[in-house]
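Reader: I'm new to this one and would like to go through it slowly with you. Could you put it up on the screen before we start?

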Amino acid sequence: MRNDYKTVKGLGEREIVISKSRFIAYVNRAESEEEAIEFIESIKKLNSSATHNCSCYMIGENDQIQKANDDGEPSGTAGVPMLEVLKKQGLKDTVVVVTRYFGGIKLGGGGLIRAYGKATTEGIDAAQVVARKLHHVMKISIDYTWLGKVENEIRSSQYTLNEIQYAENVEVLVDVLKDDEENFTNWVTELTNGQSTITCIDKKFVEFVI
């Protein structure tokens, strides 16, 4: 299982005009090929009168699913340059559609490659790139007398206090980076003079906008 990777936060849309042609980039997260295809079809339906709806996507922990479609543009001038932008930025689980409304001026092969690449970059900026980092949800079980100190120390630390559950003992849930679990456990143990029970109860990805 991957510990951290980059993708987009969500749907982004951006339009640019080059030599009177409108290029509208739509970028979204897709965690399966089915999601990517569904998104592409929705954009094609939205822009059914467009000259071209070119697309690409890259999905999977090891980028094992990669597709590019020129949708009628000269071979290699649209989908592949769009996919190369995803590769260059290191984005995973991402789908892109660039819709073109032809403005009457031909751009040539090099012009098309630059236009579709630029539109894709603009769309990614609109969608926002995020780093997704694997965290362990750590449960600290302590006596109520320790709550004030533990809560204050965690809130002023690099760790994220997730929830406090009040039962026979207090249970404090904290998000901790996977690679920092041992340091966290040692820190809390020292903080509570060994009077705490610390266990990992879940795993989840936490997103940070880059």
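Reader: How many of the eight residues of strand E4 are buried?

Author: This is a predicted model, and in it eight of the eight residues of strand E4, which covers residues 52–59, are buried, so the strand is largely enclosed by the rest of the structure.

Reader: Okay, and which residues point one way from E4, and which the other way?

Author: His52, Cys54, Cys56 and Met58 point one way, while Asn53, Ser55, Tyr57 and Ile59 point the other way, and all of them are buried.

Reader: What does E4 pair with, then?

Author: With strand E6, residues 94–101, E4 pairs in the antiparallel sense over seven bridges, and in that pairing the bridge partner of Met58 is Thr94. E4 is also joined to strand E5, residues 65–69, by five bridges, and these two strands run antiparallel as well.

Reader: How many residues sit between E4 and E5 in the hairpin?

Author: There are five residues between them, and Gly60, which is in the turn, has a positive phi of about 115°.

Reader: And which residue in E5 stands opposite Tyr57?

Author: That is Lys67, a residue that counts as partly exposed because its relative accessibility is 41%, whereas Tyr57 is buried.

Reader: Which residue forms a salt bridge with Lys67?

Author: Glu33 does, and the closest N and O atoms of the two are 2.9 Å apart. The pair links distant parts of the chain, with Glu33 in helix H1 (residues 33–46) and Lys67 in strand E5, 34 residues apart. Glu33 has a relative accessibility of 21%, so it counts as partly exposed.

Reader: Switching topic a bit: how many salt bridges does the count come to?

Author: The count comes to 15 salt bridges. One of them is formed by the side chains of Arg14 and Glu122, at 2.9 Å from N to O. Arg14 lies in strand E2 (residues 12–18) and Glu122 in helix H3 (residues 108–127), so this pair ties together parts that are 108 residues apart in sequence.

Notes: Residues are numbered from 1 along each chain as its sequence is written. This is a predicted model: local features need pLDDT of at least 70, side-chain atom pairs count only at pLDDT 80 or more; totals for chains, interfaces and linings use all residues. Side-chain values use heavy atoms; hydrogens and water are left out. Buried means under 20% relative accessible area, exposed over 50%, partly exposed in between (1.4 Å probe, protein chains only). Helices (H or I, at least four residues) and strands (E, at least two) are DSSP runs, numbered from the N terminus. Two strands pair if DSSP finds at least two bridges between them. A salt bridge is a side-chain nitrogen of Lys or Arg within 4 Å of a carboxyl oxygen of Asp or Glu.
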